[in-house]
Amino acid sequence: MYQTLLECHSFIRWFVLVSLLYSIYRAYKGYSQKLPFTKKDNLVRHWTATIAHIQLVFGILVYVQSPIVKYFWKNFKEAIQNLDASFFGIIHIALMLIAIVFITIGSALAKRKLPEEQKFRTIFVWFSIALVVIFIAIPWPFSPLANRPYFR
């Protein structure tokens, strides 16, 4: 079960990244060109947040099943010295939770803002910050913190 969850978590990250990039692009375009905030913009905002929350659920399931995380918490004093164990035990989950909070706040604020240009600006700022945090927290193959393949 763990391997399947991990593969799903690894696969869904691409949907999160694509939806975030698309949301940021639409928000930038809408704000800079002073476009009306359409139903499609609202759907993109909503689905980006939904996909991120689905990824969060998979991430939490992977976290509680992970042998690396279990080792980290059982052997905290020695595991904290290991960058790979520390990354998955604390850094990855903390940064991803922060990113999800940014996405959730940005989505909720944009939903409630009245002026259309403020909706676009809110999405652009909050989702962009979340994207930067996510890029730092993903264990890319080139990451100095912990590296994993692009696809499991």
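**Ground rules.** I number residues from 1 along each chain as its sequence is written, and my side-chain values use heavy atoms, with hydrogens and water left out. Since this is a predicted model, local features need pLDDT of at least 70 and side-chain atom pairs count only at pLDDT 80 or more, while totals for chains, interfaces and linings use all residues.

**Overall.** I found six helices and zero strands in the protein chain; helices (H or I, at least four residues) and strands (E, at least two) are DSSP runs, numbered from the N terminus. The C-alpha atoms fill a box of roughly 55 × 25 × 25 Å along the principal axes.

**H5.** I checked the length of H5, residues 83-112. At the start of H5, a side-chain oxygen of Asn82 comes within 2.9 Å of the backbone nitrogen of Asp84.

**UniProt.** I looked up the unreviewed entry, which lists residues 12-28, 49-73, 85-110 and 122-142 under "transmembrane region"; such annotations may be inferred rather than shown by experiment. In the model, residues 85-110 are 100% helix, with end C-alpha atoms 37 Å apart. Residues 122-142 are 76% helix, and their ends lie 31 Å apart.

**H1 and H6.** I then looked at H1 (residues 2-32) and H6 (residues 116-137), which pack at about 145 degrees with axes 8 Å apart; angles run from 0 to 180 degrees between N-to-C directions.

Technical notes:
The expected span of a helix is 1.5 Å times one less than its number of residues. A polar contact is a pair of N or O atoms within 3.5 Å; within protein, one must be able to donate a hydrogen and the other to accept it, and residues adjacent in sequence count only if both atoms are side-chain atoms.
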